[in-house]
Amino acid sequence: MKKSKSSRRHFMKQSAFALSALGLGGLSFRLRPATAGLAGNPKKLLFIFLRGGIDAVQALIPHGDAGIPGQGIKSYAEARPTLAVAPQDSFDLNGFGGLNPNFHSPTDLAGPKLYDIFQGTVDERGQDLALIHRVGYDNQNRSHFLSQQFWENGIPGNVALEEGVLNRYLTAYRNTETPLQGITLNGNQLVLMKGPTTLPVIRSIGDFALPANVGLGRRPNAPGDLLGSGLMGAYNQAGFPIRSYEELTYSTGSTLLDTLEFFEETVSQVPYQPEASAAPFYAQISNRTFASYVQDCARLLKQVDGLQIAGCNQDGYDTHGSQQLRLPPLLRDLGLALTALYHDLKPIWEDTIVFTVSEFGRTSQENGNRGTDHGESTCMALMGGPIQGGLFNCDASTWDHGDLFSTANGRYVAHRTDYRAIYQALLTQHLGDPESKIEEIIPGYTQASANDPNGYFTLPGFMA
Amino acid sequence: MRNKVSGLNECMSYKIVMKLFKKSLILLFVLLGLSISSLSSRTLLWAQRAVIAPGDQEAIALPDRDKILVAAPVPAPVPGHHPRLTFRKPQFVRGDINVDGRIDISDALKALFFLFQGETTLNCRAAADLNDDLKVDLTDPIYLLEFMFNGKDRPPAPGHVSCGVDPDDRWLDCLSFDLCGDDLPLISHVLNRMTFGPTEELLTRIQTREDLITYIEEQLNPPSNFDQAQEEPEVAEQIAELQIGYQPYASVGGQYIRLNGVPLLDGIESQWQLLQKLTYFWNNHFHTQVDTLRMNFFGRNRRGGGAARATPQLFDLIDTSNDDQITEVEWNTFRFLQPGMIPWTFFANSARSDGFIDEEEFLARFTVAYWKYGRGVDQQAISSEIEMREYNSFRRLAFSRFRDLLEVSAKSVAMIIYLNTYENTVVAPNENYGREFFELSSLGADRVYTQKDIEEVSKIFTGWTAGWFKRSDFSEGDFNFQNSPGAIPLPITNINDLRLPTAENWNDELYTWGFQFGHRNNPRLPDGGHDWGRKDIFLRRYGGTDSLGNTLTVANQLIIPENNNERTVDRAMTEFDLVLDRVVNFRDCAKFISTKLIQFFVVDDLNQLAKDNELSAEHRANFDGIDNNSDESISHSEWKTPIPFLLPNGRPDQTFEELDLNKDGEISLTEYQEPDLLVAAIDAWEKSSGNIQEVMRAILLSDEFLSLKFSRAKVKDPLELTTSAVRALDGSFRSYREFSNTVNSIQLSGMNLFLFGDPTGESELGFDWMHTVGLLERLKFVQRGANPDANNRRTFSWNSSALRTRFQLIEAERTVDFLNLLILNGDLLSAHRDLAIEQYQQANAGAQVQAVTSFLLSLPQFQKQ
């Protein structure tokens, strides 16, 4: 897939022209591509990567698993002598599984919270939150680095490929008329968003600018003017690349300068406030960086037409010790973030899916330090208009007694759903894959899903 | 006086010269009648040697570029006698006046024709200045002829057998000498990798390839057991000024910023650049996160930092008179023994106004004692001190055996806290460190070891913790406080949850945290909490395989029998020694560390390295052992052939994926083969028992590193970007604000150094550093240092006007060309040169040098090394 910088720039100019012609005061709330008929794909994704491996059975608690006493296989309560949350303290999801109470924003905030969203009692949108247990892949790796790599590049076992599934989607369906098709809010780029198309990553909308005494430079504006001038000239890719990383360096520079220009001319010019009902939830998130990332993701998805994918990390889930101190604040922040997004994304709700990923779950048995070690299958939350809410892979039909220790070595929860099946649903069913490029996006998907005796690729019914 | 004499001498010598000239003309014609071959004994074909010299242009594979993008020239010296306007010297061969690769009669003729016929110009007058008297005159061809025919001494260097530079600081101009390549690209490449950035001083000192080799050798041999305070006190002082640590700096804020600035100062200031780069490498390889130390250990109510709640029992303890009142005297008496108690004045006025505190008032105070690290800043200070200590240990051991480094890391208080070793006991095993000991510290992910090995090796580390010791219990050279087998950790009182050292061992200057084996006085943990049972590590049947798909051998097995008799520190340490010996002897340990070193110093992707050597017989045999049908290719099904009892499901898929580089589902012989440089590094490791100095020597003196093959093929990480910018401009931090702005900038570029969250340490690979967040911050950093818009955001200071004066940077082209040499070492593309000239022209008068400097530092080339 070749990038077409020139047409992109062409768009930028047109866009800038159109905006100035409109007069900024009269600008519509959303920054739409100026060219009629090229509004881009309206479907959107917002991801939150839970780094460190979320303790899935602590988040979505399988109270219904009584263990197998005769074989010494423990129940959740027995396996977690100090960490267990009692059924009456969690929120019942389906009579089998319970939602960790920390998700439900135990603050003095008025208004609906995550459990209300799960139940679909907040507003007319109904049940739009799906919680999926037991997601993983065959031969699960328990190294953070490797398993994150597989979750991000979409190819279990491929250690080296620093190329993300989401980037591959945007590369396969690159829309050169869109100034901003994907963005990460973080301190550095995530593998999920790395790849053939250099996508911008920013820390915050607020401080995304160069010092006042340095200009962006200019693109070529006359025949014979090969590079333009200033920084834009310096990072103009004409004639490159040559050595390793030349292409990445130049494309990072030009992406940065294009994005700076786009923000300077458009995004920052538009007054913005999150939905009033979302603001209190954002404000309660204790990790302010995470709060800012999530809020900026929502803002950009709402403001920028054609922006399809935005996302960020939530760090800190590697709870080997003192989990009772470390996990609750994380779950509380995540619950608040999801609740805030439920409110904030209302204008684009029918086109948007918010989802979480994490590299693995944790050991079912708590360790001697009131923590848990690296495990296998994990859980995901998916939320949005296109989602059919519910708790999946965690009921009597999908979870036998003793499944808490169902991997071959008897230490972890075995997976029932391959994460690539969920990616496939998000990317091809939701964002759309009209040209059937799934093999480009998730290499090996076709074969893996065709040869699936255990039904790992059979999708739980979370897509509306 | 001197001039007079010299004038006289010149006058006299002129007469002599004229005589000689006449003589030599006669001689010349005689000689011309002779056959050339008879002269060859003094005809020096120096150029043959020069052409094959590595580093020469011939050896450089220059990539194709569009015509507009060829490299711009380095600044031409201003014609004249003393071209002092650059710090680079021309390379030439004195005597090869016509630049034909030989020194012969034709050179004398060339000089004579130049002097007397006005026929040609000399592109390199320095080559014609045979006697190095800084002028070309008749004495020069005469010198040459006398050298050739009269047995006169050879001309002053450089020459006569290879290219070189004038060894002193004065030479005639040499605008071009085509037969001598320019060693600058190679010097720039090597300095970019083995230092934190080339400086004017280094580029002045290292003029040729030979100088470069000398420098590499020097850098490979720093003083052993490097003590910075002794070896470079001026750098040590700068770091001391950062006031990192608990005593006596407990009130100094910004400890983490200061700590993160240590590699920055070392990188900018140290003359032992390779040592500092390795230190930086090891500190990252054995990464520990400073704030985790605070949270896990030194924070409130943690093992190293408990606070004491006010309890009725404590009240009774202090109330020695048993009158249900604590008087100020009673309080201070208790506080004298327990210095962690809050001062009397901390109780509310209303509470102590009657001269005593009753139980209700006491309980209302809630927290009545703090461990010495009661405040956040205290906790940050002690955590930073522990990190700093570990970093200093890595600096001391940077070139030692890998085994020593691994041991220091494992027993380091920082690591013991960071990866939960202190919580790992026989009753509550924690495999966090055991896993990372294999995966991150020694063997690489899933190499050789299995989950079972992790569980077994974790037993070795049970009972290891951090204890509070007398500093004098440790020997003077034990800077990481980890070897005091006889010492007994001081008791930390535990009265009603009041965990405090008593008054006599309170002082951080006399006591400190050190490696402790065995938990003490804990009834739950008899025998120190160590698992004294049998440990079975690296058993074949666990199914571990190495990076080439080989199963383990019986010789790999490490069985440590149950110990029922002698449960001593020494015996527990012996268990660890056995593991260390076994681990560092695995070829995969050498391979893992060598791979990381090559990635750090040479190239990110080892697949770009040459595989010109033959596959070793041993690896060939391994390959053939898997290649069942002998078709010179290992298919996936061959790979997955079950090996009874060891690998019932065949070899791991992940290793197959890694070896199948072209993803065609087959592993070819070439794919199976390791790159030559990696093999050389592993060989050096094996021959030297894992001596890092030898591994580094193998890497840095390899032909592949000493070529331009990987020049600017790595992305600088944010630290390298900042150090290289400051070093190029000979800049410095004139204030704490500049320093902290720079440290913050590194962090905002995506590099957290001591605050990095994961035990993996920060990435060594370029694609992790080249992203828009990082690039934006880099551009801000260089602008705020080279050409700041506001003083409070200044990132460093440098003297642009001194540079302008010294090198006469008063015109656009000259300024750009000079700064190209200084900042990019001549690597400025000509198209970018035009843009830089434009920057000069658009800048305000007086700010041109700064504007061009900022622009050059912002270029794509400068982001790379």
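Domain bounds in this account come from an automatic or database domain assignment, and in this predicted model that assignment divides chain A into domain 1, made of residues 42-209 together with 274-450, and domain 2, which covers 211-265. Taken over C-alpha atoms, the centres of domain 1 of chain A and domain 2 of chain A are separated by 36 Å. Where the two meet, seven residues of domain 1 of chain A are in contact with nine residues of domain 2 of chain A, and the side that domain 1 contributes consists of six nonpolar residues and one polar residue, with no charged residues.

Within chain A there is also an open sheet of three strands, whose order is S2-S4-S3 and whose pairing is antiparallel. Strand S2 (60-61) and strand S3 (91-92) of chain A are the edge strands, each pairing on one side only. S2(A) is joined to strand S4 (residues 98-99) of chain A by two bridges in the antiparallel sense, and in S4(A) it is A:Leu99 that stands opposite A:Leu60.

A:His374 is found in the loop between strand S9 (352-358) and strand S10 (378-384) of chain A. Is A:His374 buried or exposed? Since a residue is buried if 20 or more other C-beta atoms lie within 10 Å of its own, A:His374 counts as buried because it has 26 C-beta neighbours inside 10 Å. Apart from its neighbours within four places in sequence, A:His374 is in contact with A:Gly53, A:Arg142, A:Phe360 and A:Arg362.

Chain B has 865 residues, of which 50% count as buried, and its secondary structure comprises 38 helices and 12 strands. Its domain assignment gives domain 1 (2-182), domain 2 (228-295 + 377-584), domain 3 (307-370), domain 4 (602-700) and domain 5 (713-863). Between the centres of domain 3 of chain B and domain 5 of chain B, taken over C-alpha atoms, the separation is 58 Å. Among the contacts in chain B with a separation of 6 or more, 75% are accounted for by residues 24 or more positions apart.

B:Gly118, by contrast, is exposed, with 8 other C-beta atoms within 10 Å, and it belongs to the loop between helix H3 (105-117) and helix H4 (125-128) of chain B. B:Gly118 and B:Asn221, which are 103 residues apart in sequence, lie 53 Å apart in space, C-alpha to C-alpha.

The largest nonpolar core has 280 residues, and within this core B:Ala681 and B:Ile699 touch the most other members. Helix H11 (residues 323-344) of chain A gives the most to this core, with 10 residues. Not counting residues up to four places away in sequence, B:Ala681 touches B:Ser594, B:Leu597, B:Ile598, B:Val695, B:Ala698 and B:Ile699. Another core, of 28 residues, lies apart from the largest one and has B:Ala108, B:Cys124, B:Leu130 and B:Cys163 among its residues.

The two chains meet where 51 residues of chain A are in contact with 51 residues of chain B. On the side of chain A that touches chain B, helix H5 (144-153), strand S7 (201-202), helix H7 (230-234) and helix H8 (246-265) of chain A each supply at least two residues, and the largest share, eight residues, comes from H8(A). By class, the residues on this side of chain A are 21 nonpolar, 24 polar and six charged.

It remains to consider the confidence of the prediction. The predictor gives the complex an ipTM of 0.85 and a pTM of 0.85, while chain B averages a pLDDT of 87, with 88% of the residues scoring at least 70. Over residues 1-14 of chain B, however, the pLDDT is below 50, and beyond near neighbours in sequence this stretch has one contact in the model. The pLDDT also stays under 50 over residues 48-74 of chain B, for which the model has 53 contacts beyond four places in sequence.

Note on methods. Residues are numbered from 1 along each chain as its sequence is written. Chains are lettered from A and ligands numbered from 1 in the order in which they are written. This is a predicted model: local features need pLDDT of at least 70, side-chain atom pairs count only at pLDDT 80 or more; totals for chains, interfaces and linings use all residues. Helices (H or I, at least four residues) and strands (E, at least two) are DSSP runs, numbered from the N terminus. Ala, Val, Leu, Ile, Met, Phe, Trp, Tyr, Cys and Pro count as nonpolar, Asp, Glu, Lys and Arg as charged, and the others, Gly among them, as polar. A residue is buried if 20 or more other C-beta atoms lie within 10 Å of its own, exposed if 12 or fewer, and partly exposed in between; C-beta atoms are placed from the backbone. Two strands pair if DSSP finds at least two bridges between them. pLDDT is the predictor's confidence in each residue, from 0 to 100. A nonpolar core is a set of buried Ala, Val, Leu, Ile, Met, Phe, Trp, Tyr and Cys residues joined through C-beta atoms within 7 Å.
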